[in-house]
Amino acid sequence: MRVSVTKRALIPLAAAAMATALAGCGSQISDPASANSTASSGSSCVDTSGSSVKVGFINSLSGTMAISENTVFDSLSLAAEEINAAGGVMGKQLQVISEDGASEPTKFAERAGKLIQQDCTAAVFGGWTSSSRKAMLPVFEANDALLFYPVQYEGLEASKNIFYTGATTNQQIIPALDYLAEQGTKSIFLVGSDYVFPRTANKIIQAYAKAHGMEVLGEEYAPLGSTEFSTIVNKVRDSKADAVFNTLNGDSNVAFFRQYKSVGLTAASMPVVSVSIAEEEVPGVGLENVEGQLTAWDYYQTLDTPANKKFVAAFKAKFGADRVTSDPMEAAYTSLFLWKAMVEKAGSFEVDKVQAAAGGVTFEAPEGTVTVDGENNHITKTPRIGKINSEGLIETVWSSPKAVEPDPFLASYDWAKDLAK
Amino acid sequence: MSTFLRSRWGVLAGFAVGAVLLLVAAPAALSVFNLALLGKFICFAIVAVGIGLAWGRGGMLTLGQGVFFGLGAYIMAMHLKLADASLFGGSGVPDFMSLYGSGEVPGWWEPFRSPVVTLLAVVLVPGLVALVLGLAVFKRRVKGAYFAILSQALAAAFAVFLIGQQATTGGSNGLSGFRSFFGFDLKDPSNKLMLYSIAAVVLLLALAAARQLMHSRFGELLVAVRDQEERVRFLGYDPATIKTVTYVIAAVMAGIAGALFVPIVGIISPADVGVIPSIAFLIGVAIGGRATLLGPVLGALSVAIAQTSLASTFPSFWVYFQGLLFVLVIGFMPGGLASLPRLVSRLKQRNTEKRSTAPASAPQVPASAAPTTATTATTVPEEASR
């Protein structure tokens with residue numbers, strides 16, 4: 001008896017299913033040409049009629065990335081405040097809507113969709129990990145919206161819907177290798193966390209080393225968040241490499257540097273070049289563990305430019321004298337001002353007009369003057385090698401003579417030809 | 001009212017109301033964005049129906065449903081990636097493979113070029129994995145905490161495996177950026193509505209299947225295995241077979257949910273299939289009431305909705321709130337929120353008894369006696385959760 005009830009219940013359900021499926025069918029892709037013509041089906045809902053305009057900030061305010069991304073959120077907030085105090089963008093005050101990416105790529109994609117479709121923001125700022133950017137990229141492309149991504153990354157990407165204000169590989173990793181080569185480094189050891197950025201960075205380093213007669217004595221990966229490094233550190237010590245190239249992320253650095261020190265390795269005997277340790281991370285890793293080690297970035301708090309002095313002072317005034325500023329924070333701060341300059345050049349908040357106006361836009365950033373490359377939506381940056389000093393800040397020990405043009409696909413490097421295929 | 005809900009017409013009416021709410025009211029009331037969000041929650045609810053069967057009725061604490069969800073999702077994602085690559089790129093090689101891999105499609109991807117193979121695999125692969133695992137585990141009479149730990153370890157291993165295979169699974173980035181779904185343009189709002197409707201209908205079908213199972217002879221046996229496995233064995237049934245079948249059904253539901261999740265949400269990454277999401281699946285089920293038909297679904301839906309609306313306002317607060325809710329429910333209401341009406345009626349009964357001892361009150365008909373006996377099958381034994 002009971003069985004028959006459910007069977008009957010299934011019939012109307014099946015009918016309903018078919019009805020909705022048939023009624024719901026939308027456009028089908030018959031050939032790529034027609035698919036491309038319907039590309040921007042989601043028309044913009046940005047409201048610019050009032051005295052304010054909405055912008056979205058998307059950062060991980062919870063989860064493992066919260067410590068890093070909260071600092072970016074803070075410097076974005078500072079930039080918005082400064083812009084509003086100076087009269088806003090084209091006379092409109094910025095109204096910030098903040099969303100939490102919760103350190104999960106899926107959450108980033110979902111929240112980015114909300115900022116674009118539900119909140120109708122004119123532009124979105126944020127993201128940190130490669131996976132969060134990769135997750136948001138299709139959302140911004142499908143809705144034809146703008147994302148400003150403020151963190152150094154692994155390159156090999158250029159979307160017309162993303163502006164990359166952090167360094168690409170030829171503005172951070174290659175200069176670091178150039179510096180090492182200049183110092184007479186003949187052999188290096190690669191240590192990294194197991195995800196996209198270190199793997200891609202190490203691929204580039206391998207190709208560079210091969211072309212420049214440098215020897216790579218080992219390439220080791222630890223799972224993200226791993227704190228067990230005795231095996232890797234012993235391998236590093238036994239390799240007797242001239243230097244270590246470190247692409248570890250987050251907590252792993254604490255364990256790595258502690259064990260590095262405990263086996264008797266020092267900055268003098270075997271220097272470590274890190275690309276993910278900035279001012280913000282030094283206290284966490286422990287100053288006694290990393291003092292004297294090298295870093296590769298485009299901005300340090302100690303930079304002596306008028307714009308940087310103003311930025312650091314304003315940041316400390318707003319968030320406390322004990323706070324520090326770092327490269328991603330500076331890139332985020334810069335990104336909001338770059339968007340302002342693009343909008344004002346375009347004379348419009350519309351995405352296509354902003355994109356068209358982007359090329360050549362400049363801003364007097366704390367790191368120096370930056371210029372937007374209209375071809376690949378990256379910006380020029382000045383690579384700098386730094387040394388961690390006794391105060392936990394980073395002193396510039398080498399700086400590129402001039403700003404480096406962004407080359408995300410490393411097209412101008414002969415030895416990198418096979419990488420970007 | 002209660003007896004009506006349990007009758008033939010009551011069940012039909014219930015399904016009709018559910019269908020109207022999901023298929024007519026929701027699309028009319030919600031924006032495109034919120035409808036897609038509801039579609040995502042419905043995917044979680046489909047997983048919850050399976051967990052309700054395996055855990056609530058069968059006593060198997062499945063801490064690793066993320067594996068089956070992930071299998072279904074990755075199979076669908078692989079097909080969508082391959083289909084997009086031939087539709088738009090022409091080369092037939094998904095973009096991330098040329099960036100991070102050798103630029104060639106690995107052999108084990110190739111079968112998923114075919115839509116038919118993909119649809120079959122979405123059901124069969126999670127089902128087969130669960131079958132092999134279930135037979136291996138339950139035939140050896142592994143149960144309780146050991147089974148829970150084993151299933152959780154599997155979820156952890158699966159996520160680590162996916163992260164390590166950067167060139168073939170997209171690593172921690174996962175697979176994303178799908179543009180078409182079996183030839184339909186994923187950007188078109190009417191196709192989004194179609195996907196949502198498919199998910200909603202699958203949820204209703206899963207519920208119908210779960211109800212049929214719960215009220216069948218097999219369902220009675222399953223509850224018997226949960227409560228007294230040894231006695232069922234003495235009666236001549238094989239508890240291992242009963243458990244394995246239920247585990248397979250739950251796995252298939254999770255696999256289908258994963259396959260629907262991919263086109264609706266647009267991304268699948270190891271962060272969606274590991275230990276934490278596997279536990280998250282369970283929380284909604286526990287809060288809603290794991291041994292009932294609707295408890296897991298309503299629990300999963302309300303936890304997901306609450307998370308989305310609360311998490312953006314109080315980012316870190318949600319995790320604590322969810323933990324607190326879980327502790328409270330497990331500690332004080334093991335039957336979940338679904339047992340709330342029963343608790344209330346029991347309290348009422350106690351009050352009535354007190355009052356009826358007072359001489360002035362009118363003689364009361366024990367009307368609440370019928371539902372109390374009718375719901376005994378849904379009571380959760382304390383033992384099953386340990």
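This report covers a predicted model and looks at its domains, a strand pair and a chain contact.

## Two domains in chain A

Domain 1 of chain A brings 20 residues to the contact, and domain 2 of chain A brings 19 residues. On the domain 1 side, α3 (66-85), α5 (130-143) and α13 (327-346) of chain A each give two or more residues. By class, that side of domain 1 has 5 nonpolar, 10 polar and 5 charged residues.

## A parallel strand pair in chain A

Next, look at two strands of chain A. Strand β6 (residues 187-193) pairs with strand β7 (residues 215-222) in the parallel sense, over 7 bridges. Gly192(A) stands opposite Tyr221(A) in β7(A).

How does the chain cross from β6(A) to β7(A)? The path goes through helix α7 (residues 196-212) of chain A. This β-α-β crossover is right-handed.

## Where chain B meets chain A

Now turn to the contact between the chains. Chain B supplies 56 residues, and chain A supplies 51 residues.

Which elements of chain B each supply at least two residues to its side? They are α2 (8-29), α3 (32-57), α4 (65-89), α5 (95-100), α7 (145-164), β3 (184-185) and α9 (189-214). Helix α9(B) gives the most, with 12 residues. By class, the side of chain B that touches chain A has 27 nonpolar, 23 polar and 6 charged residues.

Key: Residues numbered from 1 in each chain as written. Chains lettered and ligands numbered in written order. Predicted model: local features only at pLDDT ≥ 70, side-chain atom pairs only at ≥ 80, totals over all residues. Contact = placed C-beta atoms within 7 Å. Helix = DSSP H or I, 4+ residues; strand = E, 2+ residues; numbered from the N terminus. Nonpolar A, V, L, I, M, F, W, Y, C, P; charged D, E, K, R; others polar. Pairing = 2+ DSSP bridges. Right-handed = clockwise from strand over helix to strand, strands pointing away.
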